[in-house]
Amino acid sequence: MSDYLKLTFEVPHQSLTPARAREAVQTLLGDDASIAMIRDAILLTSELVSNALVHAPGACVLEARFERDRSWLRVDVADSSARPPHPQEEPTVARAGGHGLRLVDEVAHRWGWSPRSFGKVVWFEILGAASSHA
C-alpha cells in the first residue's frame, strides 16, 4: 500500500498567500522528496496561487497530495473565476506577467484545469527523481 499524504486549506486573498502556499507544500514533501522536486513544487504552487489571486476575486483553495512510494505530487488550486487559464502566446521580458502558465507547462509533467460549479480548478503533477519524465 502506498504512503499518501494530503493537505487542504483555504488561502486568503492576501499578498503573503503565495509564500504560505509554498511553505505548506514544502512541509508536505518534507525530507521525502528530492531538492529538485521540492524546488519545482514550490515554484509551480506559487504560480498557480498567484494566478488565482490575480484573476479571481476572493480566496482560493489549495489541495496537495504526495505519494511517497512513487514520488508523485499533485497540487490543485480552485478559485472562483470560470475563465479558462491559458498560457500567453508571446510573453515578453518587458511584460511583468504572462509567464506563469508557460512555466507550469515547461516544468510540470502534466497540468490542466477543469470547470467547477463555482469557478475552476487548475492543477499540476510532478514526479520526483525516482520516476522518469512523462
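Visitor: Is the crossing of α2 past α3 left-handed or right-handed?

Guide: Left-handed. Bear in mind that this is a predicted model.

Visitor: How closely do the axes of α2 and α3 come, and at what angle do they cross?

Guide: They come within 10 Å and cross at roughly 150°. Helix α3 covers residues 100-107.

Visitor: Roughly parallel or antiparallel, then?

Guide: Roughly antiparallel, because the cut-off for that is an angle over 145 degrees.

Visitor: Which residues meet there?

Guide: From α2, Asp 40, Leu 43, Leu 44, Glu 47, Leu 48 and Asn 51. They meet Gly 100, Leu 101, Leu 103, Val 104 and Val 107 in α3. The contact residues divide into seven nonpolar, two polar and two charged.

Visitor: What about α1 and α2? What is the angle there?

Guide: About 145°, with the axes 9 Å apart. Helix α1 runs over residues 17-29 and α2 over residues 35-55.

Visitor: Which hand does that crossing have, left or right?

Guide: α1 passes α2 in a right-handed crossing.

Visitor: And which residues are in contact?

Guide: On the α1 side, Thr 17, Pro 18, Ala 21, Arg 22, Val 25, Gln 26 and Leu 29. On the α2 side, Met 37, Ile 38, Ala 41, Ile 42, Thr 45, Ser 46, Val 49, Ser 50 and Leu 53. By class, this contact has ten nonpolar residues, five polar and one charged.

Visitor: Let's step back. How many helices and strands in the chain?

Guide: Three helices and five strands. Along the sequence the pattern reads β-α-α-β-β-α-β-β.

Visitor: How much of the chain is buried?

Guide: 40% of its 134 residues count as buried.

Visitor: How many bridges does β5 form with β4?

Guide: Seven, in the antiparallel sense. β4 is residues 110-116 and β5 is residues 119-127. A hairpin joins the two strands through two residues.

Visitor: Which residue in β5 does Trp 111 stand opposite?

Guide: Phe 124. For Arg 110, the bridge partner in β5 is Glu 125.

Visitor: And how many bridges link β3 and β5?

Guide: Eight, also antiparallel. Val 75 stands opposite Phe 124 there. Val 77 faces Val 122 in β5.

Visitor: Stay with Val 77. Where does it lie, and is it buried or exposed?

Guide: Val 77 lies in strand β3. It is buried, with a relative accessible area of 2%.

Visitor: What does Val 77 touch?

Guide: Leaving out residues up to four places away in sequence, Val 77 touches Leu 48, Val 49, Ala 52, Cys 60, Val 61, Leu 62, Lys 120, Val 121 and Val 122.

Visitor: How far is Val 77 from Leu 62?

Guide: 4.6 Å in space, C-alpha to C-alpha. In sequence they are 15 residues apart.

Visitor: One last spot. What is phi at Ser 71?

Guide: Near 55°, a positive value in a residue other than glycine.

Visitor: Where is Ser 71?

Guide: In the loop between β2, residues 60-67, and β3, residues 72-79.

Visitor: Is that serine buried or exposed?

Guide: Ser 71 is buried, because its relative accessible area is 8% and the cut-off is under 20%.

How values were computed
Residues numbered from 1 in each chain as written. Predicted model: local features only at pLDDT ≥ 70, side-chain atom pairs only at ≥ 80, totals over all residues. Heavy atoms only, no water. Helix = DSSP H or I, 4+ residues; strand = E, 2+ residues; numbered from the N terminus. Buried < 20%, exposed > 50% of the residue type's maximum accessible area, 1.4 Å probe, protein only. Axes fitted to C-alpha atoms, helices over the stretch in contact; angles between N-to-C directions. Left-handed = near helix turned anticlockwise from the far one by under 90°. Contact = heavy atoms within 4.5 Å. Nonpolar A, V, L, I, M, F, W, Y, C, P; charged D, E, K, R; others polar. Pairing = 2+ DSSP bridges. Parallel < 35°, antiparallel > 145°, perpendicular 65-115°, else oblique.
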